[in-house]
Amino acid sequence: MAGNGNTAFRFRVTLRLDGRECWREILVPASLTFFDLHAVLQECFMWYGEHLFCFCATFPNGKQEFPK
């Protein structure tokens, strides 16, 4: 939660690359769409939008849910 009353989410995004980890911690508004989050991640990792993307939710019980 940001100090001004606007809701935000903090993410730690970790990539495993050749046995090493590369990570970024980001704070984004809760109103972001998944497409907006995709754009933020592209900027954070200096990517150029050359790959398809998909998000899924992983719950504490280990179950994963993919958007339809």
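## Salt bridges and cysteines

Glu25 is partly exposed, with a relative accessible area of 46%. This is a predicted model, and Glu25 pairs up with Arg10 in a salt bridge. The structure holds two salt bridges, while a search of the whole structure turns up zero disulfides.

**Arg10 and Glu25**

- The closest N and O atoms of Arg10 and Glu25 sit 3.3 Å apart, inside the 4 Å cut-off for a salt bridge.
- Arg10 belongs to strand E1 (residues 8-17) and Glu25 to strand E2 (residues 20-29), so this pair ties together parts that are 15 residues apart in sequence.
- On the accessibility side, Arg10 is exposed at 58% relative accessible area, whereas Glu25 comes out as partly exposed at 46%.

**Arg16 and Glu21**

- Glu21 makes a salt bridge with Arg16, and here the closest N and O atoms are 3.8 Å apart.
- Arg16 is exposed, its relative accessible area being 69%.

- Cys44 has 24% relative accessibility, so it counts as partly exposed.
- For Cys54, the closest cysteine sulfur is that of Cys56, at 6.7 Å, which is too far for a bond, as a disulfide needs the two sulfur atoms within 2.5 Å.
- Cys54 is exposed, with 57% relative accessible area.

Note on methods: Residues are numbered from 1 along each chain as its sequence is written. This is a predicted model: local features need pLDDT of at least 70, side-chain atom pairs count only at pLDDT 80 or more; totals for chains, interfaces and linings use all residues. Side-chain values use heavy atoms; hydrogens and water are left out. A salt bridge is a side-chain nitrogen of Lys or Arg within 4 Å of a carboxyl oxygen of Asp or Glu. Helices (H or I, at least four residues) and strands (E, at least two) are DSSP runs, numbered from the N terminus. Buried means under 20% relative accessible area, exposed over 50%, partly exposed in between (1.4 Å probe, protein chains only).
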